[in-house]
Structure formats: structure tokens, C-alpha cells
Amino acid sequence: MRQRPPPIAFPEHELIVDNFAGGGGASYGIALATGRSPDIAVNHDPEAIAMHAANHPTTRHLCESVWVVDPVKVCAGRPVGLAWFSPDCQHFSRAKGGKPVDRKVRGLADVAIRWARRVHPRVIMLENVPEFLMWGPLHDRHTHGCTGASACRARCLYSTPIKERRGESFLRFVGKLRKCGYVVEWRKLRASLYGAPTTRERLFLIARRDGAPIAWPAPTHGPGRQPLRSAAECIDWSIPCPSIFDRRRPLA
């Protein structure tokens, strides 16, 4: 079996920053990998920040939009070892179907470019749904019956991806990182192959500018390895709960 690569070392003088910090799950993973919680966490939602603070009390929390936070001012001259980004994935996920998308939300990943240009983190990591690879330009449309005249004041305006140009924005994003001196790699990883009781698949992008190679972890679970874990082991079956089969309306 292939040996798992050694964890990336982040000295104490280097900052670890968790952008788009939610309840603290990603930060918990960072702590497991590096031995310490992130130094800085950013989220615009007070409730998310409160939960993150409960889980990571030693972290400095910034309840601000990621676009408002000034990386130079926040870091105050200290080098950044790791900048982690988990931008909103709902506008890339296949679960959204053909529904309109929001330009501002869809472009949140560009915050990573802002950090790359201003404070040059040694390592940048980004996590999102696999459909993030299809990030591309949008086409502005008007609802049925609208002529697009100025009288509508864009109230019926919505945006949809241009199918023929899927992936252009992602490749442009990678190109910007490379222009900042980063070596960039990305892979789709399935959580169940690494010991998590879920088959969820996610895209991970790693960018480094320190000359060290990018090392990806070898699967630890699955055929020929440890058995896959089941979601059932995470459920407390002693808690009473109504059955989905005991319904007035039959299941479809």
C-alpha cells in the first residue's frame, strides 16, 4: 500500500487563514493536519462566526464580507503559510439544475486571487463541488415577455451559464494563480475512500509557490484496504424517531 505523504508543516510564525469559515468543519480538518487551529477565520454571517468561535476559541474571527477584508491589513506583515477557501458551491452544484445563478456568488472564488496577489500565501487550497471545473461566463437574460427595455430596470434580469464556454472561467482562475508564481494541481476525491462515512465527492485544488512538490493523500479505505464506513455508525438508534413508512400519504 502506498504510504500517505507527510503533513505539510506550518511554523508558528506563519498564519493559517480560513476564508468562508462556517461552523468550523474545515478548520477542524486543518487543525488535524497541522496541529493547530487557523489563526484567522472570515465569514459575513454572525451565527456562523459564533459557532466557529465555539469550536475554535483561539482563532481570531472577522465577521465581514470576504471582499471587505484587506489581506495586507489583517496579516499585519506576518507571512501566510496556508490560505484555505471554500466558496459557496450552490451556484455550481448539479443540484441547482437549470435555475438562474448569481454572478456575485459564482465569482467568490476570485477572492483567492486577491490573497495571492496581496500577501502571497505559501500554500493555497480550495474546495468545491466537481462542477466547479465547469465555471464559465454567464449570459444575461430577461424573463418571458420582457423586451429588455430600460423600463424594466433589470427587475426581470437573470443569468445562466453559456454552455459552449463551460470551464473558461476556471482555466482563467488557474492562469491567474500561475501568473502569481504558483504551481497548481487539482483532483476530485471521494470522501468514503479516506475514512468518512459518505460517498460525497469534492474537488480540491492546491497551489504552492515554495518550490515543494504537491503531495496528494493515498486512499485508506475501499477494496484491498480498510472497509468502507457506513453512515449508520453515526446515528444514535436509541433516539425515538417516526418511520418514513408510517405516513398518511404513501411514498412516491
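Predicted model: local features only at pLDDT ≥ 70, side-chain atom pairs only at ≥ 80, totals over all residues.
**Entry 1. The D210 salt bridge**

I began with D210, which forms a salt bridge with R208, the closest N and O atoms being 2.7 Å apart. I took a salt bridge as a side-chain nitrogen of Lys or Arg within 4 Å of a carboxyl oxygen of Asp or Glu. Residues are numbered from 1 along each chain as its sequence is written, and side-chain values use heavy atoms, with hydrogens and water left out.

I then looked up the accessibility of both partners. For this I used buried for under 20% relative accessible area, exposed for over 50%, and partly exposed for values in between (1.4 Å probe, protein chains only). R208 counts as buried because its relative accessibility is 9%. D210 counts as partly exposed because its value is 31%. I also noted that a network of salt bridges links E14, R122, R208 and D210.

**Entry 2. Other salt bridges**

I searched the whole structure and recorded ten salt bridges. Side chains of opposite charge can pair when their charged atoms come close. One of the pairs is R202 with E127, at 3.3 Å from N to O. This pair links distant parts of the chain, since R202 lies in strand β9 and E127 in strand β5, 75 residues apart. I found R202 buried, and E127 as well. Another pair is D39 with R36, at 2.9 Å from N to O. R36 counts as buried because its relative accessibility is 11%.

**Entry 3. The chain as a whole**

I counted six helices and nine strands in the protein chain. Both are DSSP runs numbered from the N terminus: helices are H or I with at least four residues, strands are E with at least two. Of the 252 residues, 40% count as buried. The chain exposes about 15300 Å², of which carbon and sulfur atoms supply 55%; the areas come from the Shrake-Rupley method with a 1.4 Å probe, and for residues only the protein chains shown count as cover. I took a contact as heavy atoms within 4.5 Å. Among contacts with a separation of 6 or more, residues 24 or more positions apart account for 65%.

**Entry 4. Nonpolar cores**

Which residues have the most contacts inside the largest nonpolar core? I listed F85, W115, F173, L177 and L205, in a core of 36 residues. A nonpolar core here is a set of buried Ala, Val, Leu, Ile, Met, Phe, Trp, Tyr and Cys residues joined through side-chain atoms within 4.5 Å. The elements that give two or more residues to this core include β1 (15-19), β4 (80-85), α5 (111-118), α6 (168-179) and β9 (201-208). Its largest share, five residues, comes from α5.

I followed F85 further. Not counting residues up to four places away in sequence, F85 touches N19, F20, V111, A112, W115, I124, M125, L126 and E127. Apart from this core lies another, of eleven residues, with F10, L82, I206 and I214 among them.

**Entry 5. Helix α1**

In helix α1 (residues 25-34) I found S27, I30 and A31 buried. They lie on the same side of α1 because they cover an arc of only 100° around the axis, the arc being that of the directions from the helix axis to the C-beta atoms. The buried residues of α1 pack against β1, α2 (46-55) and β4. The face turned away from the buried side carries the exposed residues G25, Y28 and L32. After α1 comes G35, whose phi is positive, near 90°.

I placed H52 in helix α2. H52 counts as buried because its relative accessibility is 0%. Leaving aside neighbours within four places in sequence, H52 is in contact with D18, A21, G22, G23, G24, S27, A41, T59 and H61.

I placed S169 in helix α6. S169 is buried, with a relative accessible area of 10%. With residues up to four places away in sequence not counted, S169 touches W135, G136 and P137.

**Entry 6. Cysteines**

How many disulfides does the structure hold? I recorded zero, taking a disulfide as a pair of cysteine sulfur atoms within 2.5 Å. C75 counts as buried at 3% relative accessibility, and C180 is buried with a relative accessible area of 18%.
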